[in-house]
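Me: Please take a close look at the aromatic rings and at the part of the fold around them. I would like one connected answer, with the cut-offs stated.

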Amino acid sequence: MKRALGPALKILALRMPALAIPALAIPVLLFGSTMRAADTPVVVTSIKPIQSLVSAIMQGVGEPKLIVDGAASPHTYNLKPSNARALQDAKVIFWVGPGLEAFLEKPLQALGRDASIAELDNAPGLVKLPFREGGAFEPHDDAPEHESASGQHDSASDAPEHEHDHAEADHDHDAFDTHLWLDPMNAKAMAAMITTTLVAADPANALTYQGNAKALNDRLDALDAEIKGIVAPVKGKPFIVFHDAYQYFEHRYGIRVAGSITVSPETIPGAERVSEIRHKVGELGATCVFAEPQFEPRLVNVVIEGTRAKSGVLDPEAATLKAGPDLYFTLMRGIADSMKDCLSST
């Protein structure tokens, strides 16, 4: 019995190292995976449209964190403790700038000192449009010329060109409308700055960022052509919006926003402004008045009461959409489709 057991033990002992190798390899592989994940920079973004562009460029590397999530608006947002921790841990932070996300200005100074902060309203090649005064706007006789990320100029659809001096507004955040992303050519300019920032912070993944950025630019060009086709039947039909967030979409595609219910979404409009907009709706005849999902829809009902106008919903900040790389495209198509659906029936 002893003689039989001895050889068996020897055989088992010889086999053990081979059997142990896979078991030992598992922790090593997991450790390696953890190290690769740890090497990916922590990237934080302010709002959903910006997070979408950054997500598209970071695909295959990591996923950027988002500050203003859900149905919240940057106009009325209060920073959460989890947001503060994200800013403190961040290696790279993307935001539009203090003209839009005013709530972030001081936290970035206090918590983002170790991060590379990219203020996208300074991206080269952006078209910047000045704020419009009052609630009723005059028809547009011209549109600004775009300078794409590649350096080539691209004029607004079917509209005369004029020169636009971007430098004057570069550091004056009160001088221009900050809803810059509502023009795909501006999105391309911001994507170029996002790519440059990510490559500088994470050169090991430079080729991935640059390849993703090229694919994103191609998609943005296709989206631009698609939207031109969607809104073509309703160009020139005037309508009213909740707040003046659509200048860039308007100038790019030759549509006509005739006025806004409120100048600032943080401020409820008074009776005088509501009366002015009601008069404008009546003056224009049958048209549409668009609400936004984050704000009180009752005001829109007051404006259209007793008129032939219809109501619709536009979502310029993607309050109702799920964050991710495809959000920007869903957002822009949604705006175009909503305008076409409402205006084509008036």
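**Rings and the sheet around them**

Reply: Lys128 lies over the face of Phe176, at 4.7 Å from the ring centre (NZ of Lys or CZ of Arg within 6 Å of the centre and within 35 degrees of the ring normal). This is a predicted model, in which local features need pLDDT of at least 70 and side-chain atom pairs pLDDT 80 or more, whereas totals for chains, interfaces and linings use all residues. Residues are numbered from 1 along each chain as its sequence is written, and side-chain values use heavy atoms, without hydrogens and water.

Turning to rings against rings, the count comes to four aromatic pairs (centres within 6.5 Å; planes under 30 degrees apart are stacked, over 60 edge-to-face, the rest tilted). One of them joins Phe239 and Phe290, whose centres are 5.4 Å apart and whose planes stand at 85 degrees, so the pair is edge-to-face. Because Phe239 belongs to strand β8 and Phe290 to strand β10, this pair ties together parts 51 residues apart in sequence (strands are DSSP runs of E, at least two residues, and helices runs of H or I, at least four, numbered from the N terminus). Phe239, at 0% relative accessibility, counts as buried, and Phe290, at 1%, is buried as well (buried is under 20% relative accessible area, with a 1.4 Å probe and protein chains only). The rings of Tyr328 and Phe329 have centres 5.8 Å apart and planes at 90 degrees, so they too are edge-to-face, and both residues are buried.

Strands β8 and β10 belong to an open sheet of four strands, ordered β9-β8-β10-β11 with parallel pairing (two strands pair if DSSP finds at least two bridges). β9 (256–262) and β11 (310–313) are the edge strands, each with a single partner, so one side of each lacks a neighbour in the sheet. From one strand to the next the twist averages 30 degrees (axes are fitted to C-alpha atoms, for helices over the stretch in contact, and angles run from 0 to 180 degrees between N-to-C directions). Three bridges join β8 (238–243) to β10 (288–291), and Phe239 has Cys288 as its bridge partner in β10.

Helix α8 (271–284) packs on this sheet, touching β8, β9 and β10, with its direction at about 155 degrees to that of β9 (contact means heavy atoms within 4.5 Å). Helix α10 (327–343) also packs on the sheet, touching β8, β10 and β11, and its direction makes about 145 degrees with that of β10.

Terms used. Rings of Phe, Tyr and Trp (its six-membered ring) pair if their centres lie within 6.5 Å; planes under 30 degrees apart count as stacked, over 60 as edge-to-face and the rest as tilted. Buried means under 20% relative accessible area, exposed over 50%, partly exposed in between (1.4 Å probe, protein chains only).
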